[in-house]
Amino acid sequence: MRQVQRLPFGAGLDRATGLALLSPDGFRDLRNVELTEGRAIARPGMSVQSGLSLGGLGVTPMTDVCALGTYREKAVGIAVGFEQASRKLQLFTLGLTGLNPVYVADVGTVDAAAQRPVVSLAESYRIMAVAHGEPDSTKRLQTMIYNGTTLTGLTADLDGAGAAAVKFRGVVSWLDYLVGWGFGSASQPHEPHTIRVSLPTQPTVFFKTDYFLAGSPTEAVLAVAPVGSTALVFKQTQTYRLIGTDRSDFGIVPLDARYGLAGARLWTHAQGALYGWSLEGPRVWTPNGPSQDLSIPLDLSGPSPADLVAAGEYEDAFACYRHDVQLVEFHFGRRCYVLHLRDPSRPRWSYRENGVELRCAGTLYYGVALVGGGGGTPAAPAGHPVAGSFTHTAGTVTAPYTYTGALGDEAIEVWIKIGAGAWAMKVNRTIANTAGETFVFGEGDGIIPGTLIQVAARFRRGLLFTSGYESTNPSDWPVAARGSATTDAGPSAPTAVHLLDGMQTTYGPKKYNSIRFTWTAGVSGTNSQLLVASLNDPAAASVLWEGPIATTTSPYVGTYLVSATPSYRYFWVRHTMGDGTPGDPTACAENPINVADDLLGTP
Amino acid sequence: MSEPLQQLFYGRGTGPDILLAGDGADDGGQPIAVKAMTNPFIPAGEGGEALFTGLWLTVTHTAAGQIRVTPFVDDVAVTDSVYVLPMTATTNRETLTWELGVAVAIRDAHDASVVLATVAPRGTRLQVLLELLDAEGQPARELGDVIFETPSIEYEVVREARAAETPAAAL
């Protein structure tokens with residue numbers, strides 16, 4: 001007799017149950033879905049809203065976005081980015097839609113031997129604290145405090161020797177306090193089990209007497225996570241609980257002697273509990289009881305599906321909660337384990353493969369800034385810069401701007417566009433005076449001869465721009481913002497460059513060659529230069545001689561030791577303009593002249 | 001629907017991007033491969049056998065794309081019964097139900113393109129693999145909803161027990 005079995009979707013992964021007890025509505029492999037009762041929905045994606053660049057200049061992209069969060073006092077988003085080559089860790093503000101990142105300041109330069117940076121953010125009583133989560137206290141950056149205007153280092157006298165830089169491994173806001181951990185004092189910085197507490201409502205004031213010790217220093221505190229009125233202190237294999245509400249009744253008690261967190265950011269709040277990832281898999285903590293295991297359906301000790309994307313490191317992993325679809329997500333680079341909590345009594349798991357490696361998550365809350373604190377709500381600037389008459393040479397553009405309606409607290413952004421290239425921000429700072437300023441761009445800004453250079457400028461206050469200047473494309477701004485100039489053509493190229501002759505000198509058993517070149521000068525330019533490099537690469541060449549353009553023969557240059565195994569040098573002749581703008585050394589067909597050092601005979 | 005008051009954003013680990021969660025049909029330009037493999041369904045118990053004769057699959061969608069359905073009997077893909085089911089983009093959610101026969105072809109020994117007969121596969125366990133493909137047949141999803149509703153399996157138990165390996169008892 002034929003029968004029909006329904007297999008309702010939504011039961012989630014079940015990789016651990018044996019065949020005898022297996023429910024057919026579970027899944028062996030389930031990827032990139034959101035589970036509801038009896039349904040599995042193909043998950044939506046994630047769209048790029050904006051990107052961070054070094055200094056906000058739009059030239060060098062950051063290599064990591066290390067932290068995201070909302071600074072609710074100022075109603076802005078906060079992002080921290082890291083750039084690998086310069087090792088700079090920088091703070092940015094963001095619109096609450098994730099758009100328009102604006103560089104604020106450097107958090108610091110990360111030590112070359114430090115780990116890939118992990119950053120924690122904590123807002124407490126109108127300030128945003130930024131902590132560098134480097135395990136090695138000698139390589140850790142100072143904890144920074146952002147007040148909506150400036151970023152300054154946190155200092156405190158924690159050893160009686162006077163105020164000194166504070167370097168917390170992490171920070172969190174709990175009750176009326178800012179809590180920081182992993183730092184003892186300037187004289188004894190490596191105290192990985194110490195948790196320090198600020199004065200109530202004064203998150204930048206720390207007394208040396210106000211601290212908890214979580215067990216022994218052999219295992220570091222990784223995270224402090226508020227749950228209800230208490231806070232849980234996580235090490236890798238232990239959990240403690242902070243109790244009390246002020247210094248009269250504060251205390252710390254052990255909560256879980258076996259389980260902690262595998263990584264500093266592998267925890268998140270969801271539905272009144274704290275979900276975290278221990279060394280043995282996911283667990284859920286409530287303020288009072290022992291943690292409960294959530295890992296069974298995942299069978300983490302067994303093999304993962306063969307083609308599941310590889311997981312990243314615990315140190316780089318993080319957890320987050322999607323309020324809208326009630327998902328707890330544990331991200332390990334591109335691999336993610338998703339816990340579906342739409343029915344909290346029946347948590348269900350699925351896998352997720354991220355198309356790109358993720359490093360952090362943060363919720364941005366829409367709303368208005370709190371009026372009256374920290375400088376109040378910023379207003380959009382009313383004034384604007386007006387481009388004057390630009391001047392130029394072959395290698396520079398000078399752009400004078402007069403300011404209309406400037407109050408002095410505006411930031412000025414100046415963008416340039418070279419030829420058909422893209423707009424790039426070159427200046428982003430507070431205006432120097434309210435009347436106007438002149439900006440000069442040169443070779444270092446990419447200015448090249450004979451090219452149309454466009455410049456545009458606007459005012460910004462916080463994340464707000466003068467009306468009409470909001471677009472990130474300066475071509476959309478009012479015409480008064482922009483000016484342009486075409487740089488002069490560069491110097492012409494010399495012709496008929498060739499080696500004129502050589503001269504050999506003998507010192508004892510060694511011989512040395514000197515050589516000179518001649519050429520026909522071009523029609524424009526002020527000086528001539530002779531360049532030399534050991535490779536056929538004019539970018540690697542150095543100037544060997546420079547003289548007036550009327551001189552068309554170089555002096556003898558060298559001396560070069562004559563050796564049995566000859567080596568080679570490459571020489572270029574080029575002209576320069578009066579302001580130093582160089583011509584293109586490859587524009588002359590005879591460049592470079594390749595000369596061997598045995599030119600005038602072997603030793 | 002009102003605008004959300006809070007939204008989750010991700011920070012990229014190998015680039016400068018700030019990404020809005022739950023938006024679009026890809027991950028910052030990279031495709032999303034949706035895949036679901038059911039647990040083994042064992043209708044006659046571990047010692048029995050069944051004929052697996054059909055599948056019903058119901059999907060609600062607005063997105064275009066294709067769904068590839070692959071049945072497995074005793075861990076072996078029934079390649080003669082792999083289906084690729086098309087969906088066309090709609091503005092309102094549309095529910096589609098497909099009835100899919102599960103069969104193994106018996107082919108001519110000299111010319112495999114000649115199917116002599118088809119029979120329902122017989123075995124202990126059935127699993128079903130569902131994969132979402134884009135319009136070009138690549139593992140990716142298109143913009144819009146794809147909601148997998150309840151699938152059903154048709155089967156017939158043919159024996160409650162079957163011959164199994166009977167090792168000799170150790171003396």
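Biologist: How should I read the 3% relative accessibility of A:Phe332, as buried or exposed?

Modeller: The idea is to compare a residue's accessible area with cut-offs: buried means under 20% relative accessible area, exposed over 50%, and partly exposed in between (1.4 Å probe, protein chains only). A:Phe332, with its 3%, therefore counts as buried. A:Tyr314 stands at 30% relative accessibility, so A:Tyr314 counts as partly exposed. Please keep in mind that this is a predicted model, in which local features need pLDDT of at least 70 and side-chain atom pairs count only at pLDDT 80 or more, while totals for chains, interfaces and linings use all residues. Residues are numbered from 1 along each chain as its sequence is written, chains are lettered from A and ligands numbered from 1 in the order in which they are written, and side-chain values use heavy atoms, with hydrogens and water left out.

Biologist: How many aromatic pairs does the structure hold, and how is such a pair described?

Modeller: A pair of aromatic rings is described by the distance of the centres and the angle of the planes. Rings of Phe, Tyr and Trp (its six-membered ring) pair if their centres lie within 6.5 Å, and planes under 30 degrees apart count as stacked, over 60 as edge-to-face and the rest as tilted. Over all chains, the structure holds 27 aromatic pairs. One of them joins A:Tyr314 and A:Phe332, whose ring centres are 6.0 Å apart and whose planes meet at 65 degrees, so this pair is edge-to-face. It links distant parts of the chain, since A:Tyr314 sits in the loop between strand E27 (292-293) and strand E28 (318-322) of chain A, and A:Phe332 sits in strand E29 (residues 327-332) of chain A, 18 residues apart.

Biologist: What kind of pair do A:Tyr401 and A:Phe439 form?

Modeller: A:Tyr401 and A:Phe439 form an edge-to-face pair, with 6.2 Å from centre to centre and 65 degrees between the planes. This pair, too, links distant parts of the chain: A:Tyr401 belongs to strand E35 (residues 397-404) of chain A and A:Phe439 to strand E38 (residues 436-441) of chain A, and the two are 38 residues apart. A:Tyr401 is buried, with a relative accessible area of 3%, and A:Phe439 is buried with 4%.

Biologist: Which residues do ring pairs link into a cluster?

Modeller: The cluster consists of A:Trp277, A:Tyr314, A:Phe330, A:Phe332, A:Tyr337, A:Trp349 and A:Tyr351.

Biologist: You keep naming strands, so how many helices and strands does each chain have?

Modeller: Helices (H or I, at least four residues) and strands (E, at least two) are DSSP runs, numbered from the N terminus. Chain A has zero helices and 48 strands, and chain B has zero helices and 14 strands.

Biologist: What does the radius of gyration tell me about chain A?

Modeller: The radius is taken over C-alpha atoms, and the globule rule is 2.2 Å times the number of residues to the power 0.38. For chain A, a compact globule of 603 residues would have a radius of gyration near 25 Å, but the chain has 32 Å; along its principal axes, the C-alpha trace of chain A spans about 95 × 70 × 65 Å. For chain B, a compact globule of 171 residues would come near 16 Å, whereas the chain has 22 Å, and its C-alpha trace spans about 70 × 50 × 35 Å along the principal axes. Of the residues, 51% count as buried in chain A and 47% in chain B.

Biologist: Which residues does B:Phe72 touch, leaving aside those up to four places away in sequence?

Modeller: Contact means heavy atoms within 4.5 Å. By that rule, B:Phe72 touches B:Met37, B:Ala77, B:Val78, B:Arg125, B:Leu126, B:Gln127 and B:Leu129. B:Phe72 lies in strand E5 (residues 65-73) of chain B and, at 17% relative accessibility, counts as buried.

Biologist: Where in the chains do I find a cis peptide bond or a positive phi in a residue other than glycine?

Modeller: Most residues other than glycine have a negative phi, and most peptide bonds are trans. Here, a cis peptide bond joins A:Asn591 and A:Pro592, with omega about -10 degrees, and A:Pro592 is found in the loop between strand E47 (568-576) and strand E48 (593-596) of chain A. A:Leu175 has a positive phi near 50 degrees and lies in the loop between strand E16 (170-174) and strand E17 (177-181) of chain A, where, at 36% relative accessibility, A:Leu175 counts as partly exposed. B:Asp75 has a positive phi of about 75 degrees although it is not a glycine, and B:Asp75 lies in the loop between E5 and strand E6 (76-77) of chain B.
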